[in-house]
Amino acid sequence: MKHNNFPIGFLDSGVGGLTVVNELLKLNNKENIFFIGDQKNAPYGTKKIKEIESLVQQDINFLLKHNVKAIVMACNTASAVYINKARSYLSIPVIGMIDSGAVSASKVTLTKRIGVIATSATVNQHSYQKAITALIPDAQIFELSCSEFVPLIEENADINQIRSIVSKKLSYFDDKSIDCLVLGCTHFPIIKNVISDCINSNIEIVNPAIEVIRKLMDILTEEELLSNIKKHDYFYTTYDNGVMNKLAYKLFHRQVKIKVIGNE
């Protein structure tokens, strides 16, 4: 039995995953969405591996209770730490950020010198380095942990404060001669304009979410799971829906109902 009108499940450590949902809405507005943002435990990227695994497992369990037909790990940290384990026991498609980001970077780079900004967990796992060099063996990858950006975004910090911190941090790339920069955290597209202002104008910014959604649509098409009727979207957070509400309105240009729950 095909469950094509079941929702697509999205999980993230906070609000950043909404940027991935937004790419889906731009490409296909017939799919039903079920999103969980674990703001109470954000960011995942500074936590120990075992704790990240436990939190992601809870997020997955929550999604499975609501009969999702596929899961998008709209969190680079979750993708880096847990996606292989999730795929080992789940019978539904599971799509992550890392491989898609690597594909996007490989399409963009001309010099094979690629920058990646991500959380410390993703950087420590060298997830993007492994994924990109699997596609371009002689690529040079410059990974930079920018975990401190996440709470600034989650807390809706003053834009001038964000700009000051981002500018100082990204000066690391000034002498690296990269030609593209991968946003290796789904929070970072929220401040893409700030990031763009703080790097050389010749550097192309890569948002893995675009490739993630293309891959998702390809899988759903192949497995005949594309929805043919829009029924509902559900958005949940484990902490405070204020910041998520503001970002959802900014991205989707409409109000969405976001329910606050305990992490299940």
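Helix 4 passes helix 10 in a right-handed crossing, where right-handed means that the near helix is turned clockwise from the far one by less than a right angle, and left-handed that it is turned anticlockwise. Helices here are DSSP runs of H or I with at least four residues, strands are runs of E with at least two, and both are numbered from the N terminus. This is a predicted model, in which local features need pLDDT of at least 70 and side-chain atom pairs count only at pLDDT 80 or more, while totals for chains, interfaces and linings use all residues. Residues are numbered from 1 along each chain as its sequence is written, and side-chain values use heavy atoms, with hydrogens and water left out.

Let us stay with that pair of helices. The axes of helix 4 (residues 98-108) and helix 10 come within 8 Å and cross at roughly 110 degrees. That makes helix 4 roughly perpendicular to helix 10. The axes are lines fitted to C-alpha atoms, for helices over the stretch in contact, with angles from 0 to 180 degrees between N-to-C directions. Angles under 35 degrees count as roughly parallel, over 145 as roughly antiparallel, 65 to 115 as roughly perpendicular and the rest as oblique. On the helix 4 side, Ser100, Gly101, Val103, Ser104 and Lys107 meet Pro208, Glu211, Val212 and Lys215 of helix 10; contact means heavy atoms within 4.5 Å.

Glu211 counts as buried because its relative accessibility is 13%; the cut-offs are under 20% relative accessible area for buried, over 50% for exposed, and partly exposed in between, using a 1.4 Å probe and protein chains only. Not counting residues up to four places away in sequence, Glu211 touches Ser100, Val103, Ser104 and Lys107.

Now turn to helix 1. Eight of its 10 residues are buried, so helix 1 is largely enclosed by the rest of the structure. The buried residues are Leu18, Thr19, Val20, Val21, Asn22, Glu23, Leu24 and Leu25. What do they pack against? Their partners are strand 1, strand 2 (33-37), strand 3 (70-73), helix 10, strand 9 (233-237) and helix 11.

The axes of helix 1 (residues 18-27) and helix 11 (residues 241-252) come within 10 Å and cross at roughly 25 degrees. That makes helix 1 roughly parallel to helix 11, and the crossing is right-handed. Leu18, Thr19, Val21, Asn22 and Leu25 of helix 1 meet Met244, Leu247, Ala248, Leu251 and Phe252 of helix 11.

Follow the chain past helix 11 and you come to Val256, in the loop between helix 11 and strand 10 (258-260). Is Val256 buried or exposed? With 10% relative accessibility, Val256 counts as buried. Leaving aside neighbours within four places in sequence, Val256 is in contact with Phe235, Asn245 and Ala248.

Strand 1 (residues 8-12) is where you will find Leu11, which counts as buried at 0% relative accessibility. Beyond four places in sequence, the contacts of Leu11 include Ile36, Val56, Ile60, Leu63, Met73 and Cys75. Ile71 is also among them; Leu11 and Ile71 are 60 residues apart in sequence and 7.7 Å apart in space, C-alpha to C-alpha.

Thr46 is partly exposed, with a relative accessible area of 48%. Apart from neighbours within four places in sequence, Thr46 is in contact with Ser120 and Ser147.

In helix 6 (residues 127-135), Ser127, Tyr128, Ala131 and Ile132 are buried. They cover an arc of only 110 degrees around the axis, which puts them on the same side of helix 6; the arc is that of the directions from the helix axis to the C-beta atoms. Lys130 and Ala134 are exposed on the other side of helix 6.

Finally, the cysteines. A disulfide is a covalent bond between the sulfur atoms of two cysteines, and here the term is applied to a pair of cysteine sulfur atoms within 2.5 Å. The structure holds zero disulfides. For Cys146, the nearest cysteine sulfur is that of Cys185, 9.4 Å away; for Cys185, the nearest is that of Cys75, 6.8 Å away. Cys146 is buried, with a relative accessible area of 0%, and Cys185 is buried too, at 6%.
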